[in-house]
Amino acid sequence: MTLTLTRLSDPAFAGFDDIIDVRSPAEYAEDHLPGAINLPVLDDAERARVGTIYKQVSPFDARKLGGALVAANAARHIAGPLADRDGSWRALVYCWRGGQRSGSFSTILSQIGWRVDRIDGGYKAWRALVVERVQNQPVPVPVIVLDGNTGSAKTAILSRLAMRGWQVIDLEGLANHRGSLFGGRPDGQPSQKLFEGRLAVALEGLDSSRPVLVEAESSRIGAITVPKAMWQAICAAPRLRLEVPVEARAGYTAATYDDMVVDPARVEAIVAALAPLHPAERIESWQAAIAAGDWRGLAEGLLRDHYDPRYLKHRLRYAEREKAVVPLDDLRDLDAAAARVEAALVRLT
């Protein structure tokens, strides 16, 4: 049987025990359905080999080799990852277009006696729904933007607001990046397609009767581009701004960017790249702070002289959207800070 996708949530709510992506590991790594496991019927090298034979020899020879490889890989998966599945197990299988790879694997699994469905149109059908959601459809609920200078703990406060029952989309979490020059994480970012899939699922899952909170972002989060529909909503949304002294923000930044402390060379390289934007003596003072391990001093210098002037320019662009300001003297009690932000949100909504 085949499953025709009409919503992004269809696979998750259809009662399958496993969603199986049979594409190659490289295809799976770039993007896949949420929760899918990868049981490739052709690995990356095998897929390339079959494709070469298809183009340079003949489609028949390619299919013959492909069939042998698919059968061998299917046997390996059945004896390995699927060995503990009992007779009641139900799976949803997909490949790139819902064609030969998923069809072959589904047939083998069905012959064993398992109930197996395939996605009509495969991954491409899923991807089409994602693109439609994040590029062409408006965000389905009102958006409120939490704004504030770099280091104002916006992400942490949004997390606490989510625990208080507010709808939140953590764009930086989806992008695995903290949104600044120093915001990269050791395990890197997802692909653009994988980010868009995560965002699309989050958008589809929103309660239409309530607003959603997002953090003020530029159009890029690290290497990720914020898709058109989300970016338009951020630009048009009312804003609530956190106002936090630079000293408090520096302390918070130094404490939360602890992964940078263990790699001073990485920090030094980023600071060196700022040289065209700042006087030489300022760059030298930042480099001296790195050498001395004065992370709080470095954070304060960067916030005061690099980030804050640029943020002011950004804020003035959206001045007419700013509806409230929440002053926070410090960031030592983020639960209390979230409570103050929540009170302002209640008045705003």
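Two strands are taken to pair if DSSP finds at least two bridges between them. Helices (H or I, at least four residues) and strands (E, at least two) are DSSP runs, numbered from the N terminus. Under these criteria, strand β2 (residues 18-21) is joined to strand β4 (residues 90-94) by 4 bridges, and the two run parallel. Within that pairing, V93 of β4 is the bridge partner of I20.

The model is a predicted one, in which local features need pLDDT of at least 70 and side-chain atom pairs count only at pLDDT 80 or more, while totals for chains, interfaces and linings use all residues. Residues are numbered from 1 along each chain as its sequence is written, and side-chain values use heavy atoms, with hydrogens and water left out.

The protein contains 15 helices and 12 strands. Its C-alpha atoms fill a box of roughly 70 × 50 × 35 Å, taken along the principal axes. Of its 349 residues, 46% count as buried, where buried means under 20% relative accessible area, exposed over 50%, and partly exposed in between (1.4 Å probe, protein chains only). Contact means heavy atoms within 4.5 Å; among contacts with a separation of 6 or more, 74% are between residues 24 or more positions apart.

The β2-β4 pairing belongs to an open sheet of 5 strands in the order β1-β5-β4-β2-β3, with parallel pairing. Because β1 (2-3) and β3 (37-38) stand at the edges, each with a single partner strand, one side of each is left without a neighbour in the sheet. Helix α4 (residues 100-112) lies across β2, β4 and β5 (115-119), running at about 170° to β5. For this angle, axes are lines fitted to C-alpha atoms, for helices over the stretch in contact, and angles run from 0 to 180 degrees between N-to-C directions.

Two residues illustrate contacts in this part of the chain. L33 lies in the loop between α1 (25-30) and β3, and it counts as buried because its relative accessibility is 1%. Not counting residues up to four places away in sequence, L33 touches P11, I19, Y94, I119 and W126. L33 and L194 are 161 residues apart in sequence, yet their C-alpha atoms are 8.7 Å apart in space. N73, in helix α3 (residues 59-79), counts as buried because its relative accessibility is 6%. Leaving aside neighbours within four places in sequence, N73 is in contact with P40, V41, L42 and E46.

Attention now turns to helix α6. The loop between β6 and α6 holds A153, a residue other than glycine with a positive phi, near 65°. A153 counts as buried because its relative accessibility is 5%. In α6 itself (residues 154-163), the buried residues are K154, A156, I157, L158 and L161. These buried residues pack against β6 (143-148), β7 (167-168), β8 (212-215), β11 (239-243), α10 (246-256) and α15 (334-348). After the helix comes G165, whose phi is positive, near 105°.

A positive phi, near 50°, also occurs at N176, a residue other than glycine. N176 lies in the loop between α7 (171-175) and α8 (192-204), and it counts as buried because its relative accessibility is 18%.
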